[in-house]
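I opened the entry to look up the build of one chain and its contact with a partner chain. My notes follow.

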Amino acid sequence: MATTACFIIVSRNDIPIYETELGSAAKREDAAQLHQFILHAALDVVQDLAWTTSAMFLKAIDRFNDLVVSVYVTAGHTRFMLLHDSRSDDGIKSFFQEVHELYIKTLLNPLYLPGSRITSSHFDTKVRGLGRKYL
Amino acid sequence: MDPASTPLGKLLLDEITPVVMVLSTPLVEEACLKNGLSLVEMLSPFCVFNNIDVPVRTASDQPYRIQKFKLRLFYASDIRHPNLEVAKERLKQVITRAGEKDDLYSEPPQTSNLLSSSESEIQPSWFEFFNKELVRTMSFSDHEAFDHPVACLLVVSSKDEQPINRFVDLFNTNKLPSLLNDGAMDPKILKHYLLVHDYQDSDQEKAAKILTDMRSTFGLHDCQLLCINSSDHEMVERQDNPWAPYKSGDSPSQRLGCFLNVDDYNEIKDLLQDLSSKHIIPYMEQKIRALNQEVSATRKGFRNQIKNLWWRKGKEDVADSPAGPMYTFSSIESQIRVLGDYAFMLRDYELALSNYRLISTDYKLDKAWKRYAGIQEMMGLTFFMLDQSRKEAEYCMENAFNTYLKIGSSGQQNATRCGLWWVEMLKARDQHKDAAVVYFRICDEEPLHSAVMLEQASYCYLLSKPPMLRKFGFHLVLSGDQYKKSDQIKHAIRTYRTAVSVFEGTTWGHIKDHVHFHIGEWYAILGMYELAVKHMLEVLACTHQSKTMQELFLKDFLETVQKTGKTFEVLKLQLPKLNISSLKVAFEDHRTYASPVAASVRECLWRSLEEDMIPSLPTARTNWLELQSKLVSKYRESNVCVVGEAVKVDIEFKNPLQIPISISSVSLLCDLSAISDELNSDALSSTVGPQNDDGSSNLTTNRDMSSENFSFSSSEVDFSLGGGETTLVQLMVTPKVEGILQISGVRWKLSGSVVGLHKFDSNMKKITKGRRKAKPPCDNLKFIVIKSLPKLEGSIHSLPEKAYAGDLRHLMLALRNPSEFTVQNLKMKISHPRFLNIGSHGNLKTEFPSCLEKKMASEQSGVHANSNNLSQTVFLFPKETLIQGEMPLLWPLWLRAAVPGHISLYISVYYEMGDISSVMRYRTLRMHYNLQVLPSLDVSFQVSPCPSRLQEFLVRMDVINRTSSESFHVHQLSAVGHQWEISLLQPVEAIFPSESLMAGQALTCFFRLKSCRKSLTSTDKVSTLSPLLGSDVSLRPEGSNEPLFDISCSPLADFHLCERLHQKMSHQGDPNAVDFILISQPLKDNITPGIADPPHLFSHHACHCSTSSTSPISWLVDGPRTLFHDFSTSLREINLKMVIYNSSEAVASICINTFDSTSTSGHLSEGTADLSTYPSGDQTGWHDASVVNNIKVTSDVHVGAQVGKSLSLESVPPFIWSGASSTRVQLEPMSATEIPLQICVFSPGIYDLSNYVLQWSLLSSDDSGNQEGKSQHSGTCQGYPYYLSVLQSA
C-alpha cells in the first residue's frame, strides 16, 4: 500500500469527474490542492503522450519530487490519473483495468450523463477497495 | 546554427576568457576616481575586442585567426571565492528592485497574449542579469583554471615615490590571492608594468623618466605609460558613455570619464589591444605548446597510459574527501586542466576536448569528484561549442550536475551554475521542456533562488512547442509560494496573477480556490483590499473544501472586507446560493386569499369553483381595467396589485458550506414608477424608485439603503443558515402609490458586511404561480399598482384539523373588512357541501347540540331545514349585508365529517365594491382548509321483510367502532320518512350492556321497521323529498331522559339530503328504500378536563336501504291454522284470505293460479323459482303471460331442491282449491287488497297450501306510449308454505 495516492478521473473536457484520496498517509491540509496541481499539470504530458501509443496504460508519465503520476487513457479519452509514491507498475495496471470496468458500468447507467461528476457511492467504495487491493 | 551566436555561446565567450589581475597603488585609484571610476572600471570597456584579428597557433601547426577576444580585469583582492552571504544579499536586492517596478494594479496578462508574444517579451528582463550574477558567485574556484589569472597588470602612478620599488612591493606575496599562494596555480605568471600619469598633476616629463627607469629594470616590452585626465578645462560630454554599463550604482553617467578626452580614450584602447594581442595571446600560445609537449611526453602513448593506470592503482587508499586529493599547479593533472582551459579560451576546442577527456578518467579514478564534475561540465560546453554530439553534451552536463550534487552542500552552487549553462544549452536547441525540468532541478533550499528558477521553468513550459499551459501555471504557483516564503510578496502576486489567467474557468476546485485565496490574501497584506476582496469572492462557495478550510476562507474574507472599511455590493454573491427556480410570487388582484395555503392551491380549482359566481364578462380578466383602458392597452400582460397590499415573493436560500452563515437585511430590489395622472397614463411623471440596477460594475460601494422609500416599503428578513441548510424566505413589498412596480432582484447582507445582489434575469424567470396563463415571462415581475380597495379578511373559527367521521360541528365564518369602504352583494360557494353546510343567520346564537333536540311541535318552525341550499350551489348572503369597519360579519356554518380521508375544503366568497368608481368592481376571497377525517363508526343495515307480517321488516344494524381509542354512546336511530315506524326488538339493556361502544367493538342489533303507509297519493310522493320526518328510537338506557334529536332540523336534514344525493344507487326510484340516521355521542370521560371541548354529535347516515328483497308484490295468506271436522259427514270447505300488497310505484296486475295436482305443482315450483330469479325471461307483455306457456317454456330447465319436497307431498291426501282457479286483480301502487280463497279438504291431515303461484306484472303509471323506455317488470312467485291441520272431530 502506498503511503500517498490520489486518484482522479478526468473527463475528455479536462473536468475532474471523480476524486479520491487513497493511501494511508496522514492528510495534510495543502495536500489536496498540491495533488490537484500535479495531476492537472500532468495533463499536458498526457496530451502529448496519448497519441504516440496505442496502449491505454501510459505508465508513469510525470513526476514531482517523489510523487509519480501514472495515467490510463480510455478509448473515449477519459483519463484515469493516479498520483502515487510506490512503484508497482503491475498493481497499478490492474487497478486501472478494474477501475475502467467500473467506469464502463457507470457509463451504462442510463441516468448517468457521460462527462458529469460520478457521485455513486457504490463506485467510490469499489474504487477504494481496489486501491487497497492493488496499491 | 553557429553555437557562438546562441545566448550560451555569447555567455561562454563572455565569461570564459583570460583573467588579468590588476595590482595598483592608491594614487592610481585617486587619479581615476576624478572621473568617478576605478582603474578596472576605466579599463574594462576596452577589454572587449570585436575585431582583433590575431593569428593563433596552438598545438597543431595550423594557425588560425581569432576575431573576437575579451579580457577580464579583476583587482587582486577580488580574485578569490566570493563571499556567499554578500552575493546572496546582492541577488536579493536585484529581485526586490525588480519587484518594485511591477504595477500590481494593471490587468494581468491574458494567456492568449502570452502565447503570441516572443520569449523576450514574456520573461522579465532581470532574469538574464540574475542568472549572470548567480554564475559569477561561483567564480575563482580552485578546481578549474579558466578563472585563474593569465597575466598580472601592475599599475603605479607617476606621483608615487620610488615607483620602481612600488612595482616590486605590489607583487608582494602577502597581498596576492590565495590561489597563487596555496599553490593552486603557478605564481610565475606574465607581468605587465603600467605607469599611470595624471595630466592635471604634473608634467609628462617626470613620467617619461620613470618609464625609462622601469624599462631598464623590468624589460623593454613589459612597461608602458598611460596618460589620463588630459582635458583639464572642459568636461567631456559623451552621448553614449562607454563606462555606463560597467558602473554599478546610480551615479549620473554624464560624470563618468569626464576628464578623459579623445586622446586618453584612444590611449587606453591601444594599451589594452596591445596587451592582449602582443602579450597575453602569445603567452597563452606559448604555454599551450609547452604544456602540450609535456603532456604528450608523460601521458600520451600506450606506455604512458599503462604507467599512469598502474600508478593510480597504487593510490587506492586515498581518503574519499569531497574535494579529492590536492593537486598543485605542478602536478600533471593541473597542467592538463590548464592546457584544456587555455585551449578553450583560445577556441581550440578540439585540443581542449582531448585534454579534458584525458584528465576526466584520472579524476574519476582519484575520486576527485569536484574536479571531475568541473571537467565534465567543460566537456559538455566544449561539445556544445563544437556543435556536435548533442547527446554527449547533455550527458556530460547531467553527469556534472549530478556529481556536483553528490558532493553535498559545497557543490550546490556549482551545480546551480552548471544547471544554468545546461539550461541555456537546451534552450539554444529549443528543448524548452527539458530546460524546464533542469530549472526545476536547480532549485535548492534557498527559497528565493528556487522561486526565480521555478518561474523561469514555468516560462520554459510556456515556450515549449506545443505550449504546456498547465505546467506553466503549476510552476508559476510553485514559484509564487517560494517568493512568498522569501517575503517577496509583489513577485508572488505577479506570478499568481499570471497563473490566474491560466487557470481561469477551471473546474478543478482545489486549484481555483488555492490560487484565488492566496492572491487575495497577499493583496490584503499589501493593503490592496479591493483587489483582495475581488479574488476572495471567488472562493466563497467552496463546497468541496473541508470544514476548516471553509471557515478559514470565510473568516479571511470577512476580515479583509472589514479592513476596507466599506460595504461592498457584490452582484451575484455566491453565498448563500439562490435557488431561482424556487422563486414564487404571490400577489392579490381581484383574487384575494385568506391564508398562504389558499394561495398555493391551483388556480383551476378556484376557477371551477367560482365559475357561476363571478360575473361572466367576455373578457373576464380585464373587466376591472375598463376605466384604465389606455393603461391596459399598454400593459395588458402585466399583473395587477393594489396599493397597500403586499406582493410576496418566496425564494429559497441555500448555504453550500458546512459552516453556519448569517444573513441579514434580505429585501427585494424594486422600482416603482408612479403615475401622476391616471388618464394621461403615458406620462410617467417621475421615477421615484431607487435605481439599483446598474449591474455593469461588479463591485460597487454601497449607497444608502433606500428601500424605505416613500413610494413603497419592503420587508427585511434576517436569518442564519446552518451548514448545508436551505431556507425558504418570504419577502414582501408593499406599494404605497399607484404606478408600475417592477421587482428587479433581491439583496442581502452576509455577516453584516457584504451586500449581495441578485438580479432576476428576465429570461430565466419562471413564476410557478401561474395566475395568468400563456404570458411572456419577462413581465412576470412587473405590476400595475392600482389604488387601494377594500379587501375582506375571512376565517372560520374553530375548524378542527382532525375529526372523526360523522362528527357534526357548529362553526363560525367571520368576515372582516378593515378598510373604510363598504363591500356588498356577497356570495359564497363551498366546494364540498357534504362536509360543510351554510347555516342560516338565525341560528347564529343557538347552542349546539341542544338546538337539535326535539322540541314541542310549535317550536319546530324556527330551525327548519332550508332545503333550497341544495339545489342552489351558490349561497347568497342577504342583500342588506354590508361589511364595514371593525364589526366582522359572522355567519354560522355546519361541519359534518362525512367520510374518512383527507378533505380539502375550498370556500370562495365573492363581494363587490361599494364604491362604483373603483377600478376593480369585485373581488373574491378564497379560503382553504384541510381536514383529516378519521374513521369512527361503521354502520350497515340489512333489511329483510318480515315473513309473518305484511309491511313489516326486520332491520339488522351492524355497528363497528373503528377508532383506536374513542368510545361512543349510541344515542338514537332514526328512520327517515313519515311512513316508517321503527321500534326496538329487544330492550336496550340487552343490546348495550356497557351502555357504550368501546374502541374496536362491534355490535349487532335488530329493529322492527313498520311501514304505516296505506296508499300513495301524489302529494305524498312530492313530500318524501323535503320534510325529513321520521320515527326515532332512543338507544339510551331506560333511565336516561336525554332528549332525542330532531333529524328534521337544519343541519341534520341538510346533511342527510347531501348524503342521499351522494349515496345514490341504481334503483334510485325505489320508494321502499329506507334511510337511517344513527346519532351517537362520544363518551364524556374521554374528554380531557380543563379544555372546554365543544359538545360533539356524530351522525351516520345510511341511505337507500332497500326493503324489497325480490318482488314488489308481497302477500300474506291468512286463515285458520287448525280445524276440527267430522269427515264422515261431509268434506270441509275452508275459507282463506290472501292480502296482497303492491309496494311498487306502479299499478300491478296480479294473477293467482292454484293447482290441485301436486306433480304439476312440483314442476311449477321450479319454473316459478326460475322465473322469479330471472324475471327477464319472457316478458313481452303482461297479457301474454299465461301460466301454461310459462310452464312449457321453463319446466324442464332445472331440477331444483324443491322436487324432493314436492314428491313428499304426493303422499299427502290431496285437497282441491275450490272457487276460481285463477284470479286476476289490479292493484294500485302502495295499496293492498284482499282476495278470498277457498279449499276443500276431504280427509283429515296436514296440508301445505303452497301450490299456487302469483303472477305479477307491473304496469307503468304512465301511458303505454312510453313503454319502451320504462322497465317493465313481471314475475311469478311461488306460494308460501302454509300448513293447515285438519283433524277429525270426535
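I count a residue as buried when its relative accessible area is under 20%. The model I am reading is predicted.

Entry one, chain A by itself. I looked up burial and found that 50% of the 135 residues of chain A count as buried. The accessible surface of chain A comes to about 6,600 Å², and carbon and sulfur atoms hold 52% of that surface. I then listed the secondary structure: chain A has 3 helices and 5 strands, in the sequence order β-β-α-β-β-β-α-α. For chain A contacts with a separation of 6 or more, I noted that 55% join residues 24 or more positions apart.

Entry two, the contact with chain B. I found 24 residues of chain A and 22 residues of chain B taking part. Chain A and chain B bury about 2,100 Å² between them, with 64% of it on carbon and sulfur atoms. On the chain A side, the most area is lost by Phe37(A), His40(A) and Asp44(A), which together make up 33% of what that side buries.

I get 4 salt bridges between chain A and chain B. One of them pairs Asp44(A) with Arg470(B), with the closest N and O atoms 3.3 Å apart.

α1(A) gives the most, with 14 residues. By type, I sorted the side of chain A that touches chain B into 13 nonpolar, 5 polar and 6 charged residues.

Technical notes:
Residues are numbered from 1 along each chain as its sequence is written. Chains are lettered from A and ligands numbered from 1 in the order in which they are written. This is a predicted model: local features need pLDDT of at least 70, side-chain atom pairs count only at pLDDT 80 or more; totals for chains, interfaces and linings use all residues. Side-chain values use heavy atoms; hydrogens and water are left out. Contact means heavy atoms within 4.5 Å. Buried area is the accessible area (1.4 Å probe) that two parts lose on being put together, summed over both. A salt bridge is a side-chain nitrogen of Lys or Arg within 4 Å of a carboxyl oxygen of Asp or Glu. Helices (H or I, at least four residues) and strands (E, at least two) are DSSP runs, numbered from the N terminus. Ala, Val, Leu, Ile, Met, Phe, Trp, Tyr, Cys and Pro count as nonpolar, Asp, Glu, Lys and Arg as charged, and the others, Gly among them, as polar. Buried means under 20% relative accessible area, exposed over 50%, partly exposed in between (1.4 Å probe, protein chains only). Accessible areas come from the Shrake-Rupley method with a 1.4 Å probe; for residues, only the protein chains shown count as cover.
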